[in-house]
Amino acid sequence: MKVLYLSTSGDLGGAERNLLDVLSVVREARPEWQLELIAGADGPLATKARDLGVSTAVLPFPACLERLGDAGAGGPAGRDVPRFDLFRKCLLASPEILSYIVRLRTALARTQPQLIHSVGFKMHVLSSWSKPANAALLWHIHDYVRSRPLMASLLRRHSHFCDTAVTNSRSVAADFTANCGSTMRAHTVYNGIDLDRFSPSGDTVDLDQLSGLPAAEPGTIRVGLVATFARWKGHLVYLRALAALPQHLPVRGYVVGGNIYRTAGSHFTIGELRSEAAKLGLSAKVGFAGFLENSAAAMRSLDVVVHASTEPEPFGLVIAEAMSCGKPVIVAEAGGALEISSLGINALGHTPGDAAQLTGSILSLVENRELRARLGAEGRRTAEKRFDRKSMVRELLRLYDEISLPRGLQRTALKAVAGAGPGTP
Ligand code: GLC
């Protein structure tokens, strides 16, 4: 069996980190299979896939396509409307895109995969144009399409090329079905985590030192937002929430992450965030630790992990990772984030964008060690039950098997798989 993975982005956003988990576990589960990856841009995804032993090629998108950004760079709903025109122009005017399709088609014809697994909206469309007739096609959808009318219409028009769509949450599945008007069922397979790496015990990091701050007083509660610098990740809400905490509380905030995308998009710069923190009088109370490759160690060094996205989060890998590390997490109550957490059991919440509510939830955890321990332990149990990457790959392999069946048999088989669905909390 030959499986070809296609990725729009070469950077390591959530969708691409998930793809690496898929590659790693599929390799383990099916060592005899041949796995290949083609990425639309060079970057850490290609490097890490090669490290896993996956034969990897980079087929760089033409400049106009690359600049558009996609899952992760623009993020979900509402952030890339101005780019639609650019995309339209690109498609209409573009011999570059046509020649890209020809090159992709040639690469696919050379590889002759039985199955193509694509990640990123643009690759979903491009894979439809380029796939060999007898290859099965799976779209792995990680983001909402509702505020991307052009993309929704492209996906709708190409959905008949796709044998099955997999989404990272039920919320994304509902969005896909509603906006792509497709008759195709979307199967939800929750993202899986490497439970050994994201584990309660393991190495930690010195967040104070990394942030250039003096060591915090013993007993300080460390509260961190772990996210890319995309504006919708809610850094401003988080900083405002920290600023509203009573001054005497032994709390230090951390911003862990950076601007990891090279594609166009709406991101904070570190300068903007620092100056916002200074304006709020937080300079000595918030550390900027930067992007940390070992995010599990960063999470283990925190007492509370905050997720503050101001728009519905399709899944929220950080939430599952924090749970897996046994950390209490505060989530922005919307979209997939709400679906994967159980408020009061393994997480606390706040209305997206509501800094005062976020302050309240931070306060509840800072003041209550027992609550932190209880939510953290329950989080780990949830992760073991729902976010094990081995179970994720088992579900994907089941779908791989079904869609590689002769066409006539697929319909019945997929119906049976659709009935199964992901686990509940
Ligand atoms: C996308 C989504 C994010 C999700 C990730 C992995 O980046 O925006 O919510 O966690 O994909 O599925």
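Colleague: What are the ground rules here?

Modeller: The model is predicted: local features need pLDDT of at least 70, side-chain atom pairs count only at pLDDT 80 or more, and totals for chains, interfaces and linings use all residues. Residues are numbered from 1 along each chain as its sequence is written, and side-chain values use heavy atoms, with hydrogens and water left out.

Colleague: How many helices and strands does the chain have?

Modeller: Helices (H or I, at least four residues) and strands (E, at least two) are DSSP runs, numbered from the N terminus. This chain has 18 helices and 13 strands.

Colleague: What share of the chain counts as buried?

Modeller: Buried means under 20% relative accessible area, exposed over 50%, partly exposed in between (1.4 Å probe, protein chains only). Here 60% of the 425 residues are buried.

Colleague: Which residues of helix H2 are buried?

Modeller: H2 spans residues 44-51, and Leu45, Ala46 and Ala49 are its buried residues. The arc is taken from the directions from the helix axis to the C-beta atoms. Down the axis of H2, the buried residues fall within an arc of 95°, so they line one face of the helix.

Colleague: What covers the buried residues of H2?

Modeller: Contact means heavy atoms within 4.5 Å. The cover includes strands E1 (2-7), E2 (34-39) and E3 (55-58), along with helix H1 (14-29). After H2 comes Gly53, with a positive phi near 90°.

Colleague: Which residues surround the ligand?

Modeller: A residue is near a molecule if one of its heavy atoms lies within 4 Å of it. The surrounding residues include Gly14, Ala15, His142, Asp143, Glu313, Phe315 and Gly316.

Colleague: Is Ser211 buried or exposed?

Modeller: Ser211 counts as buried, at 10% relative accessibility. Ser211 sits in helix H9 (residues 207-211). A polar atom of its side chain lies 2.6 Å from the backbone oxygen of Leu207. Leaving aside neighbours within four places in sequence, Ser211 contacts Tyr254, Gly287, Phe288 and Ala289.

Methods: A polar contact is a pair of N or O atoms within 3.5 Å; within protein, one must be able to donate a hydrogen and the other to accept it, and residues adjacent in sequence count only if both atoms are side-chain atoms.
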